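Hi,

Here is the structure I said I'd pass on. Have a look at it first, and my notes on what turned up follow below.

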Amino acid sequence: MVDDYSVLGFETRAIHAGQKPDPRTGSVIVPIYQTSTYAQDGVGGTREGDYEYSRTANPTRSALEEALASLEGGRHALAFASGMAASDVVLRSTLRPGDHLVLGNDAYGGTFRLIDKVLSLWGVEHTVADLADLDEVRAAIRPETKLIWCESPTNPMLGIADIAALAGVAHDAGARLVVDNTFATPYLQNPLALGADIVLHSTTKYLGGHSDVVGGAIITNEDELREQFFYLRNAAGAVPGPFDAWLTLRGIKTLALRMERHSDNAELIVQALVKHPKVAKVYYPGLPEHPGHETAAKQMRRFGGMVSFSHADGEQAALEVASRTKLFILAESLGGIESLIEHPGKMTHASTAGSTLQVPADLLRLSVGIEDGRDLVADLLTALG
């Protein structure tokens, strides 16, 4: 087997990194180590360092973490019970009462809720800024700013930030840049290579890819950060079970193939939507007129499977479209093989109502699956009427 996976292509790493055949049986698939504890070789004599209790470490989880680190081009990866658990550990490891962070003006509703409603009680302040406007970001930074929290593409407006430029702004201010790479995935974008300090994923989405597991991950190159994240995860206990880790690892194997098909289908749907009289606006980084298109083309391999659009007849018409689709399932979440439709204002982003992050009431968000793209277009056009 190859020892240095960094020299191999993405698809090869997705299948092999962290996933050598089992040395005892030769199993080509990583076993599910369904155990809570481990025999020790004498008091304190843990095997391979960390295997004393499965909250601390588990071999199935370790395999997933090695694969995630390889795909994002990082030295360290840690897996979590959910994307929000990963977000919580990043925030509580790097911020203290009195600290400040800059948050994008189109952040995921759950992230906003955690920062605005939970961390604020702990004395952490935040300022919302358009991360595509570097001058606005600089103006939002304070002496006590420790983090800039970025999504690119954003959820749900598909906004694009120049990650390399944003990293420069963060580092000039003595802050770190966190990039939530859930929408792009490591197949389409690698924020660490662009200068980010921390990459975050909800592995529930494209990495797992089959809508059957919840998880999260953090990837970084910094040894000190890894130790801080590891300590808090072990202390607080937000770890995925071995079966969850195994399901995520299985999903990763086909990530490259799925992302190509997601992107193909999204492009077909965008072509249909931009011509439709009942569609006021389409949000997709692949459109030449999309704000940040040139930046996305520079830092992404393709433009992904997420599409949002505004209905020309307003909120009620948008809600009716969401209720009429047959193949697009009305559901929260995203990144699975099946196509989903949702109304962010009343579903995933309801927590932003009344804030500067409130989303348009006429907006619908699509997670475009890997079905026959022609069927998906027909379904959507029928629902639009």
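Helix 4 (residues 109-118) has G109, G110, T111, F112, L114 and I115 as its buried residues, where buried means under 20% relative accessible area, exposed over 50% and partly exposed in between, with a 1.4 Å probe and protein chains only. The cover over those buried residues includes helix 3 (83-94), strand 2 (100-104), strand 3 (125-129) and strand 4 (145-151). Helices (H or I, at least four residues) and strands (E, at least two) are DSSP runs, numbered from the N terminus.

Before you go further: this is a predicted model, local features need pLDDT of at least 70, side-chain atom pairs count only at pLDDT 80 or more, and totals for chains, interfaces and linings use all residues. Residues are numbered from 1 along each chain as its sequence is written, and side-chain values use heavy atoms, with hydrogens and water left out.

Now for the whole chain. You'll find 13 helices and 12 strands in it. For 385 residues, a compact globule would have a radius of gyration near 21 Å, and the chain agrees, with 21 Å (taken over C-alpha atoms; the globule rule is 2.2 Å times the number of residues to the power 0.38). Along its principal axes the C-alpha trace spans about 70 × 50 × 35 Å, and 55% of the 385 residues count as buried. Of the contacts (heavy atoms within 4.5 Å) with a separation of 6 or more, 71% are between residues 24 or more positions apart.

Strand 7 is worth a look. Which of its residues are buried? G216, I218 and T220 point one way, A217 and I219 the other way, and all are buried. With 5 of the 5 residues of strand 7 (residues 216-220) buried, it is largely enclosed by the rest of the structure. Strand 1 (residues 76-80) runs antiparallel to strand 7, joined by 5 bridges, and A79 has A217 as its bridge partner there. Strand 6 (residues 198-201) is also antiparallel to strand 7, with 4 bridges, and H201 stands opposite A217. Two strands count as paired if DSSP finds at least two bridges between them.

Elsewhere, there's an open sheet of 5 strands in the order 8-9-12-11-10, with mixed pairing. Its edge strands are strand 8 (279-283) and strand 10 (329-330), each pairing on one side only. Strand 8 runs antiparallel to strand 9 (residues 306-311) through 4 bridges, and Y283 stands opposite S308 in strand 9.

Cheers
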